[in-house]
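Subject: Structure handover

Hello,

Here is the structure for you to look through. Please open it first, then read my notes below.

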Amino acid sequence: MTGDLSFETMLSEDLRQRVARHIQDLGLSPEAAMERAQAELLANNPFIPPKHGCPVNDLPPELLAHVFKLGCEMYEEERYEDEDDDHSDDDLDLEDDWETDDEEGEADEELDTGADTDVHMRSPKKGSTSLPPLRPLDADPSAVPESEDGSESELEEEPDLAFQVLVSHVCRHWRQIALGSHTLWTTLRFGFEGHLNVEKAQAWLERANGLPLDIYIDCTRAHDPTQDDEKLDDPQPPAVQPLDLGIGIIVSFDHATGTITTEPSVPVQEEEELEPCISLEDLITIMDLLIPHVQEWRIFEVTVNIYKYVYEVLSRLAQCPSAPLLEEFGLYNYEESEETETFEPAELATAFLPFHGIAPKLTITAFWGVHVAWDESLSFLKGLRDIELAYHVRDVRPSFETFRAIIDNSPELEVLTLCFSGPTGDLEVIQMPSLRTLVLCYLELEYLQPLVRSFVLPALEDLTLELQDEDYTEFVKQLVGPAQGQTRSLLAGLTTLKLAGLPCDDNSSDLFMAQLENLKKLDVNSAGEEIRFFEMLQKLQPSGKGVLYCPKLNSLRVAGIEGKELRRLVSIRKTAGMPLSTVSVGNRDFVSPKDEKWLRANLDTFDFFEPSDSEEEMVEVDDDEMDMDD
């Protein structure tokens with residue numbers, strides 16, 4: 001056989017040879033020989049159930065349960081890894097109806113004979129786009145599933161079921177193992193399209209059987225009821241395409257008749273703000289369901305864009321006696337508001353104490369635009385490894401004394417993020433012996449300089465700076481000098497650096513880059529002034545032996561750079577004997593096929609990434625400025 005033959009040609013030739021051999025060797029008739037040859041070819045067909053049952057069912061139940069667990073982990077990783085950037089379909093599906101065995105039809109009773117009395121997903125209602133449960137592996141493969149009204153259902157319309165639900169619908173054996181594997185049901189995600197179904201969540205809670213729970217509630221998704229029935233398949237362009245001339249007149253060209261019409265333009269009205277998929281009433285219902293299980297919470301995360309939602313959550317958390325298993329606690333409020341000195345609205349400014357201050361296992365906290373009773377919370381804000389404070393106006397920020405108490409009571413703190421937030425009041429020296437990662441965003445120069453000067457960070461390896469709207473030259477000069485309690489600068493010990501914004505003059509840029517002698521990973525948004533840091537990576541030493549800056553750099557992530565510029569950088573550093581091994585570039589940046597091929601050939605790894613919202617905004621601003629210059 002040659003490599004040029006198609007699969008169909010190879011199959012036909014194989015079948016012909018088998019038939020000829022069976023006729024010659026076994027003396028079979030052509031019909032019998034063909035039947036035998038077909039049976040041989042189909043003997044290992046994965047789409048036909050084995051005659052003696054499915055081999056995977058011979059696995060011990062414990063091993064099959066472990067396989068299901070790995071499948072859930074893979075499903076979670078693939079579906080939720082980009083949930084900060086893409087919020088589509090990343091929550092527990094609360095649309096489907098659930099009921100107990102007693103309420104199910106005869107078909108499910110036959111399938112689940114001998115199973116537990118847990119709740120099951122019923123067949124979809126008439127008119128639903130969902131499919132009935134998948135048939136068992138030992139079902140007739142030629143059978144066509146029918147909907148409740150008797151019509152044939154199409155496989156491609158099957159809903160996107162969670163992995164643990166999917167495997168529980170395969171056959172009775174798998175269902176018994178899935179329902180008995182309590183770890184499969186411990187992650188609860190609320191917020192999918194807002195069609196709240198507490199019965200399904202209750203079913204998962206029952207199946208979790210008291211194991212630690214990971215709970216995510218997302219109230220940010222907008223729901224537009226006018227889009228529910230909108231048909232998006234094969235969209236057709238409008239027959240009449242309007243063009244607003246910007247002078248009060250709209251010109252329309254009708255492609256069907258070739259006529260041109262004009263009409264006065266109507267001022268564009270602001271889009272009406274859409275309601276969240278989870279209403280406040282839904283959120284209250286969810287909290288009423290979950291709070292009785294607070295003793296089982298391991299992760300509790302709530303995301304909102306209306307503060308009254310998080311106020312409702314906090315007021316209820318204040319009534320919880322304790323959270324003995326809670327390890328991660330995150331409250332995120334993305335509501336846009338004016339920059340003020342005091343919290344607004346004043347009637348929602350009450351500072352609550354969650355869990356009566358008792359959460360002994362807490363290690364990770366995040367408060368975005370959400371404040372608590374900081375002083376009283378010292379009883380549970382201790383022993384932390386990761387602290388994130390973001391978007392707090394000054395009157396609801398913790399005092400420096402309280403902030404230092406949190407740090408002092410968390411000697412193993414590894415990550416600290418301050419984004420338009422931080423302690424208030426007089427600053428003093430504060431020791432952070434284990435801190436490895438520091439993130440500083442949107443902090444005024446006047447506030448930032450004394451704050452960083454007060455930090456003692458002997459173990460710092462990873463620094464993120466996103467500073468804009470001011471000249472931070474003086475702060476850069478501070479960074480390149482000896483750090484508090486050390487003889488070297490903070491920059492000298494860095495192995496990882498992200499620069500999303502650092503306006504400063506050229507001289508301080510040189511000083512800054514000269515300190516990065518141990519840097520291995522750099523993430524820089526080069527859409528604005530920060531392009532100078534990218535350009536400086538190409539500078540050679542006066543002797544020509546090696547690059548001048550970041551000699552140990554091997555990994556670069558960059559936005560706002562075209563392929564030809566990347567090629568030049570990679571080539572220069574490779575020739576200088578200090579090559580890059582990994583480069584990632586924003587998927588909006590122009591990289592020609594030729595450039596991509598060259599980069600892949602000269603790097604161990606080359607790939608594209610999707611920029612964050614802030615990175616995209618910087619690129620868009622830079623593009624607009626270039627257009628204006630042109």
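Is cysteine 504 buried or exposed? Cysteine 504 has a relative accessibility of 5%, so it counts as buried, the cut-off being under 20%. Please keep in mind that this is a predicted model.

Cysteine 171 is another case. Its relative accessible area is 10%, so cysteine 171 is buried as well. As for disulfides, a search of the whole structure turns up 0.

Now the chain as a whole. It has 630 residues, and 43% of them are buried. Its secondary structure comes to 17 helices and 23 strands. Take the contacts between residues at least 6 apart in sequence. Of these, 68% join residues at least 24 apart.

Start with helix H11, residues 445–453. Its buried residues are Leu445, Tyr447, Leu448, Gln449, Leu451 and Val452. What covers them? The cover includes strand E14 (415–419), strand E16 (437–441) and strand E17 (455–456), along with helix H12.

How do H11 and H12 pack? Their axes lie 10 Å apart, at an angle of about 10 degrees. Angles under 35 degrees count as roughly parallel, so H11 is roughly parallel to H12. On the H11 side, the contact uses Leu445, Leu448, Gln449, Val452 and Arg453. On the H12 side, it uses Glu474, Phe475, Gln478 and Leu479. These residues divide into 5 nonpolar, 2 polar and 2 charged.

Helix H12 covers residues 473–480, and helix H13 covers residues 506–514. H12 packs against H13 at an angle of about 30 degrees, with the axes 9 Å apart. That angle also makes H12 roughly parallel to H13. The crossing of H12 past H13 is left-handed.

Which residues meet there? From H12 come Thr473, Val476, Leu479 and Val480. From H13 come Ser508, Leu511 and Phe512. This contact divides into 5 nonpolar residues, 2 polar and no charged.

Best wishes

Methods. Residues are numbered from 1 along each chain as its sequence is written. This is a predicted model: local features need pLDDT of at least 70, side-chain atom pairs count only at pLDDT 80 or more; totals for chains, interfaces and linings use all residues. Side-chain values use heavy atoms; hydrogens and water are left out. Axes are lines fitted to C-alpha atoms, for helices over the stretch in contact, and angles run from 0 to 180 degrees between N-to-C directions. Helices (H or I, at least four residues) and strands (E, at least two) are DSSP runs, numbered from the N terminus. Angles under 35 degrees count as roughly parallel, over 145 as roughly antiparallel, 65 to 115 as roughly perpendicular and the rest as oblique. A crossing is left-handed if the near helix is turned anticlockwise from the far one by less than a right angle, and right-handed if clockwise. Contact means heavy atoms within 4.5 Å. Ala, Val, Leu, Ile, Met, Phe, Trp, Tyr, Cys and Pro count as nonpolar, Asp, Glu, Lys and Arg as charged, and the others, Gly among them, as polar. A disulfide is a pair of cysteine sulfur atoms within 2.5 Å. Buried means under 20% relative accessible area, exposed over 50%, partly exposed in between (1.4 Å probe, protein chains only).
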